Amino acid sequence: MGLEIERKFLVKNDSFKDIAISHSNIRQGYLSREPERTVRIRIKDDRGFITVKGKNSGAVRLEFEYEIPFADAEKMLGLCSGKILDKTRYNVKFGGYLWEIDVFHGLDEQLTVAEIELPSADASFEMPDFIGEEVTGNPRYYNSML
């Protein structure tokens, strides 16, 4: 069983770009946007993924992700309801953790969000200077709601 323990924050500035260890281009859409179960199709650079997530309980939820053929992912994106999200993800190592910073494009262009996956809901961690307000659990910032 997959368990995701993740906290989410708004980003104050783009200083993370100077310390990013990598970045990738992502397009994603949703076959299901129901809060109890989201089903996401993602193309990350040249790879395809399908992800099923359960309902959030604070920073914790079930998550199952599987790589699928790229051509299948492209076709499945066409089945998704709502808009297809387009973003660049930057990976930053800081304080012993990997931070994923998503810079959204298109209609969500003003939005930049950072996520950190943790080993437990009460794990402590150091905050980089570019981190702003915490939005963990706020549905307004769920990718499935954008």
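**Note on the predicted structure**

1. Five aromatic pairs are present in the structure. One of them joins Phe 9 and Trp 99 in a tilted arrangement, with 5.8 Å from centre to centre and 50° between the planes. This pair links distant parts of the chain, since Phe 9 belongs to strand S1 (residues 3–11) and Trp 99 to strand S7, 90 residues apart. Please note that the model is a predicted one.

2. Phe 9 also pairs with Phe 125, here edge-to-face, at 6.2 Å centre to centre and with 75° between the planes. Phe 125 lies in the loop between S8 and strand S9 (131–134) while Phe 9 lies in strand S1, so the pair ties together parts that are 116 residues apart in sequence. Through these ring pairs, Phe 9, Trp 99 and Phe 125 are linked into a cluster.

3. Trp 99, at 0%, counts as buried. Phe 125 has 18%, and it is buried because the cut-off is under 20%.

4. Strand S7 (residues 97–104), in which Trp 99 lies, deserves attention. Six of its eight residues are buried, so S7 is largely enclosed by the rest of the structure. Strand S6 (residues 81–94) pairs with S7 in the antiparallel sense over eight bridges, and Phe 94 stands opposite Tyr 97 in S7. S6 and S7 form a hairpin with two residues between them, and Gly 95 in the turn has a positive phi of about 60°.

5. S7 is also joined to strand S8 (residues 112–117) by five bridges, and these two strands run antiparallel. Here Ile 101 stands opposite Ala 114 in S8.

6. Which side chain makes a polar contact with the side chain of Arg 40? The partner is Glu 65, at 3.0 Å. Arg 40 is found in strand S3 (residues 37–44) and is buried, with a relative accessible area of 7%. Leaving aside neighbours within four places in sequence, Arg 40 is in contact with residues including Tyr 30, Phe 49, Ile 50 and Glu 65.

7. Leu 31, in strand S2 (residues 22–34), is partly exposed, with a relative accessible area of 37%. Not counting residues up to four places away in sequence, Leu 31 touches Val 39, Ile 41, Met 76, Leu 79 and Cys 80. Leu 31 and Ile 41 are 10 residues apart in sequence, and their C-alpha atoms are 7.3 Å apart in space.

How values were computed:
Residues are numbered from 1 along each chain as its sequence is written. This is a predicted model: local features need pLDDT of at least 70, side-chain atom pairs count only at pLDDT 80 or more; totals for chains, interfaces and linings use all residues. Side-chain values use heavy atoms; hydrogens and water are left out. Helices (H or I, at least four residues) and strands (E, at least two) are DSSP runs, numbered from the N terminus. Buried means under 20% relative accessible area, exposed over 50%, partly exposed in between (1.4 Å probe, protein chains only). A polar contact is a pair of N or O atoms within 3.5 Å; within protein, one must be able to donate a hydrogen and the other to accept it, and residues adjacent in sequence count only if both atoms are side-chain atoms. Contact means heavy atoms within 4.5 Å. Two strands pair if DSSP finds at least two bridges between them. Rings of Phe, Tyr and Trp (its six-membered ring) pair if their centres lie within 6.5 Å; planes under 30 degrees apart count as stacked, over 60 as edge-to-face and the rest as tilted.
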